[in-house]
Amino acid sequence: MDGPIKVYYFISRFLDSDIPTISSNFKEFLVKDGMIEMLIMFITQNFPESIRDEIKEHQQKQQQESNESKLLEQQQSSLSSSLDSNESSSPTTTTTTTTTTTTTTTTKTITSPSIEVISNRNNKFETTISLMKSYKVMNLFLHPSPPFISLVKEKLSVIIPSLFEIFENENINNDGSNRSLPNINHFSKVMSSLFYQYTFDFLNELSEVDKRSQKMYFQILVENIHHTTIQDLFIIIAKRASASVNEYQTSNPIETKKIQKTLQKSKVFNIISSFFTLQQHPNGNMVNGNSNENVSNNNLNGASNNNNSCSNGSNGSNSNSINNSNNNIQFKQIKKEKYLLMMEGITEFINKCIEQLDIHGPDVGFTIPSFQNKEFFDSLIRLMVNDSPKRKDSLVHRKQCLSITSTFCKQSNEYTKKNRFQQEKESIFSPSGSPSSWLLYLSTNHLQNLCKILVDIGNDPNQKQHLGSFRIDMLSLLVEVIKAKSTFKRKQPNQPYLSVELWYFLIDWFFQFNNIYQSKFFSLLRELFTQQHLPSIKHFCTFHLTRFISFYMSNDDEVESRGVVLLILNYIRIAATQFPQNHFLVTFLKSNDQWNKLQQLLISDTLKLYTPNVVGDNSMELICFGSEFAKSIGFVDEDEVQARESKKLVLVDEFQTGGNNSSEVGSPIISAEEIAQIEKELLKEEESNQKKKKKNNQKKKK
């Protein structure tokens, strides 16, 4: 038996114990060359060929023994069944058969199956011995003994390369379906524990270049970022380096600065953002439909400690490729399937970063310039506007950009809802050139770009027949951006939000697609009327209202879209009652013959549908402003809203910040009636005090 095989069996027996622990004696064994690497191979399953052959041969022997034992079991069961059947017929025959059975069993010894054979039987979801041993090695790192802590620190430069051998196996177990493959979860947990225990040394090791692949270890992680556990590992590193996440801050801020500098030097997050914003494959070629096409990976190479060839996102560079001309290292090829997986993984990771690091605005939430700067955000919009539709994966890439952009806006929305002072600040100072949230930044700088993207969707022949999630999500984002316009307290030029071409596409889509799109369009129209945006109201009423009226009057109730059109027309009818008499909408509707002909039919249909049991002269009140019907289609009574808010936000901010540090805004602590009662009592106390003072002064004078 060779030396490596002996070491394998020795460590394997060590891992057979219930809770293996590294003692001082076993540490002396692992200090020797190749021993710690062999221990880690139980996680990576990247054993040498001689050991794999030995394992395979051992498994074959066990399989053979298992088959023999199964055969004997079958023979025994058949003999026992025959015994049972013969016992009822003839007792003498039973004795002879029994003796035959005993003689048979003595000639062939029955071997019981080993533990490994039992554990590896046909159920593929059953935990295997190899998985259990991988789990035990992981636990050695997660719950290290003192000797093992010192050993890992000493051997960290050997442990990291050994762990990364897991990626040499193309079939990595990610979802747990095949438990005989190397487990990426165990790898990621070991990496996380190493980061927590040996932060600076760990980051420096990941910034080095792997000798086998000639890639930086950080780069190898980026190439496998489609694994959820690796995304979580990057999140842990990003949180630890982020100054805004308090629970990850150390007592010494210098340590955080050192972590940030180490990550900036490695440029790992810049690699991720720069690779995602590439408008082409890394080799500069357009993507075709050939699934076997290989993509050069020259642009993915990250800078090691001695390599500054990667472009830095912090300087505002928006180039579509990562400069790597000064690097003479040769790289492997990335297949198209791997490239697409990487893009999906990067999208998921950036979305997680935005949510967990609270990147609610430009240069906020993450101290390392990569995802939270304006350049990256602008590049997302540029990709959606300029990406070539001829590329077969162009729509996929644009969907990923839209997903990240929507997450940015969602996070900024959630932040401003929780921070009233932030809302006031944005409403006063924006759009002054420096919005503090992504939503306001988008509404200030990229509203026309969003309109252009929707126009491009309308002109794309591949998207004319199908609604698609990209169209719906883009329209939803447009509605949110227009909503953000309503928060501005500064006067803005009264310019159209939507282009004429986009208006025609939006109307055509309304009558082409189903209720999902129609509800989104209704929310857009409702927002424009709520803001009393005159250019939009004028354009819609002048050029498109007649189409809605004609559709409603020429179709019966069986047409599906007629119900949504009825709500839109009712919204316009009720909205006109809230405008001044000299407003454009009021004068236009009064002078429009088609609208006047529609009124009686519209009112009668609305009453039939929404107030079927009410008859009389007062029935109109049930579908006018302030009614339940009006509230259901989007009209809100501002007095009621203010009264509701005054009940919720009773205490002044000074009282909220003093004594109680609760961050929950809007909890009804004291009612308005109770405050009024307290004020009366205070006034009575003041009056009584004044009377006492007067009496005391009179006594002194006497």
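Predicted model: local features only at pLDDT ≥ 70, side-chain atom pairs only at ≥ 80, totals over all residues.

Trainee: OK, and where is Asp-358 in the fold?

Mentor: Asp-358 sits in the loop between H16 and helix H17 (374–386).

Trainee: What about the phi of Asp-358?

Mentor: Asp-358 is not a glycine, yet its phi is positive, about 55°. Gln-214 is another non-glycine with a positive phi, about 60° in that case.

Trainee: And where does Gln-214 sit?

Mentor: In a loop too: Gln-214 is between helix H11 (199–206) and helix H12 (217–223). Its relative accessibility is 31%, so Gln-214 counts as partly exposed.

Trainee: Switching to charges. How many salt bridges does a search of the whole structure find?

Mentor: Nine salt bridges turn up. One of them pairs the side chains of Asp-16 and Lys-133, at 3.4 Å from N to O. Asp-16 is in the loop between helix H1 (3–15) and helix H2 (24–31), while Lys-133 is in helix H7 (residues 129–142), so this pair ties together parts that are 117 residues apart in sequence.

Trainee: Is Lys-133 buried or exposed?

Mentor: Lys-133 is buried, with a relative accessible area of 6%.

Trainee: Which residue does Lys-215 meet in a salt bridge?

Mentor: Lys-215 meets Glu-223, side chain to side chain, with 2.9 Å from N to O. Lys-215 has 5% relative accessibility and counts as buried. Glu-223 counts as buried as well, at 6%.

Trainee: Where does that cut-off fall, by the way?

Mentor: Buried means under 20% relative accessible area, so Lys-215 with its 5% qualifies.

Trainee: Then there's Lys-352. What does its side chain pair with?

Mentor: Asp-232, in a salt bridge of 3.4 Å, again N to O. Here Lys-352 belongs to helix H16 (residues 336–356) and Asp-232 to helix H13 (residues 228–241), so the pair ties together parts that are 120 residues apart in sequence. As for cover, Asp-232 is partly exposed, with a relative accessible area of 33%.

Trainee: Which residues are linked in a network of salt bridges?

Mentor: Glu-165, Glu-168 and Arg-212 are linked that way.

Trainee: Next, the surface. Where does negative charge gather in a patch?

Mentor: Look at Glu-681, Glu-685, Glu-686 and Glu-687, which make up a negative patch on the surface. Glu-685 lies in helix H33 (residues 672–701), and its relative accessible area of 47% makes it partly exposed.

Trainee: Now a covered helix. How many of the residues in helix H20 are buried?

Mentor: Six of the eight, so helix H20 (residues 438–445) is mostly covered. The buried ones are Trp-438, Leu-439, Leu-440, Tyr-441, Leu-442 and Ser-443.

Trainee: And Ile-51, is that buried or exposed?

Mentor: Ile-51 is buried, with a relative accessible area of 0%. Its place is in helix H4 (residues 49–89). Val-7 is 44 residues away from Ile-51 along the chain, and their C-alpha atoms are separated by 9.9 Å.

Trainee: Last topic, cysteines. How many disulfides does the count come to?

Mentor: Zero, where a disulfide is taken as a pair of cysteine sulfur atoms within 2.5 Å.

Trainee: Are the cysteines Cys-401 and Cys-451 buried or exposed?

Mentor: Cys-401 counts as buried, at 0% relative accessibility. Cys-451 is buried too, with a relative accessible area of 1%.

Definitions and conventions:
Residues numbered from 1 in each chain as written. Heavy atoms only, no water. Patch = residues over 30% accessible without salt bridge, like charges linked within 9 Å, V, L, I, M, F, W, Y side chains within 5 Å. Areas by Shrake-Rupley, 256 points an atom, 1.4 Å probe, with all protein chains shown as cover. Salt bridge = Lys/Arg side-chain N within 4 Å of Asp/Glu carboxyl O. Lys, Arg positive; Asp, Glu negative; His and termini not counted. Charge placed at Lys NZ, Arg CZ, Asp CG, Glu CD. Helix = DSSP H or I, 4+ residues; strand = E, 2+ residues; numbered from the N terminus. Buried < 20%, exposed > 50% of the residue type's maximum accessible area, 1.4 Å probe, protein only.
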